[in-house]
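Subject: Handing over the structure, with notes

Dear colleague,

I am passing on the structure that we talked about, and I would be grateful if you could look through it with my notes beside you. Please open it first and then read on.

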Amino acid sequence: MREKNRQKHQARRDVEADQRSDGKAELKGRSFLYVGGRDCQVAHLRQIASSYGANLIHHDGGLREAVSRIDNVLPSVDCVFCPIDCISHDACIRVKTGCKKWEKAFVPLRNGSKSSFERALQSMSQGDNVQ
């Protein structure tokens with residue numbers, strides 16, 4: 001009986017160590033706002049964030065949603081991502097201003113690709129300062 005319990009605890013420690021080594025557990029429970037990008041990729045971006053244990057909120061950058069909604073969402077997130085090739089100037093300025101006001105991390109992404117977003121999450125999970 002003791003041997004089984006010891007094996008269970010060892011297995012749990014091994015899983016936790018694996019999670020720490022790939023960094024994905026480091027973002028567990030965090031909430032991110034993604035402003036802009038391509039609508040067709042939102043589900044994929046959410047899946048990527050979810051694989052890191054994070055929650056992703058999306059705002060289209062003013063195409064259909066009011067840009068003012070960004071101000072309501074900002075206080076509740078840990079970080080904001082903006083693909084600089086797929087966002088209006090008004091939305092980008094509002095995000096940058098709001099991030100300064102609420103002291104939130106602002107992460108401009110080179111483009112709206114899934115790999116660009118995943119690289120940013122991977123960088124954050126490894127403890128790199130992103131702002």
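This is a predicted model: local features need pLDDT of at least 70, side-chain atom pairs count only at pLDDT 80 or more; totals for chains, interfaces and linings use all residues.

Residues are numbered from 1 along each chain as its sequence is written, and side-chain values use heavy atoms, with hydrogens and water left out.

**Overall layout**

The protein has five helices and four strands, where helices (H or I, at least four residues) and strands (E, at least two) are DSSP runs numbered from the N terminus. Read from the N terminus on, the elements follow the order α-β-α-β-α-β-α-β-α. Of the 131 residues in the protein, 40% are buried; here buried means under 20% relative accessible area, exposed means over 50%, and partly exposed lies in between, with a 1.4 Å probe and protein chains only. Among the contacts in the protein with a separation of 6 or more, 73% are between residues 24 or more positions apart, a contact being heavy atoms within 4.5 Å.

**The aromatic rings**

How many aromatic pairs does a search of the whole structure find? The search finds three, and rings of Phe, Tyr and Trp (its six-membered ring) pair if their centres lie within 6.5 Å, with planes under 30 degrees apart counted as stacked, over 60 as edge-to-face and the rest as tilted. The ring centres of F32 and F81 are 5.4 Å apart and the planes are at 80°, so this pair is edge-to-face. Because F32 lies in strand β1 (residues 31-35) and F81 in strand β3 (residues 79-83), the pair ties together parts that are 49 residues apart in sequence. Both F32 and F81 are buried.

F81 also forms an edge-to-face aromatic pair with F117, at 5.1 Å centre to centre and with 85° between the planes. Since F81 lies in strand β3 and F117 in helix α5, this pair ties together parts that are 36 residues apart in sequence, and both F81 and F117 are buried. Taken together, F32, Y34, F81 and F117 form one aromatic cluster.

**Helices α2 and α5**

The axes of helix α2 (residues 42-51) and α5 come within 10 Å and cross at roughly 20°; axes here are lines fitted to C-alpha atoms, for helices over the stretch in contact, and angles run from 0 to 180 degrees between N-to-C directions. That angle makes α2 roughly parallel to α5, as angles under 35 degrees count as roughly parallel, over 145 as roughly antiparallel, 65 to 115 as roughly perpendicular and the rest as oblique. The residues that make the contact are H44, L45, I48 and A49 of α2, together with K114, F117, E118 and L121 of α5.

S113 is found in the loop between β4 (105-109) and α5 (114-125). The side chain of S113 makes a polar contact with the side chain of N111 at 2.7 Å, and another polar contact, of 3.3 Å, joins the side chains of S113 and S115. A polar contact is a pair of N or O atoms within 3.5 Å; within protein, one must be able to donate a hydrogen and the other to accept it, and residues adjacent in sequence count only if both atoms are side-chain atoms. Not counting residues up to four places away in sequence, S113 touches R38 and Q41.

**Other single residues**

C79 lies in strand β3 and counts as buried, at 0% relative accessibility. Leaving aside neighbours within four places in sequence, C79 is in contact with S31, F32, L33, A105, V107 and M124.

Is E103 buried or exposed? At 72% relative accessibility, E103 counts as exposed, and E103 lies in the loop between α4 (89-102) and β4. Most residues other than glycine have a negative phi, but E103 has a positive phi of about 55° although it is not a glycine.

G29, in the loop between α1 (2-22) and β1, is exposed, with a relative accessible area of 67%.
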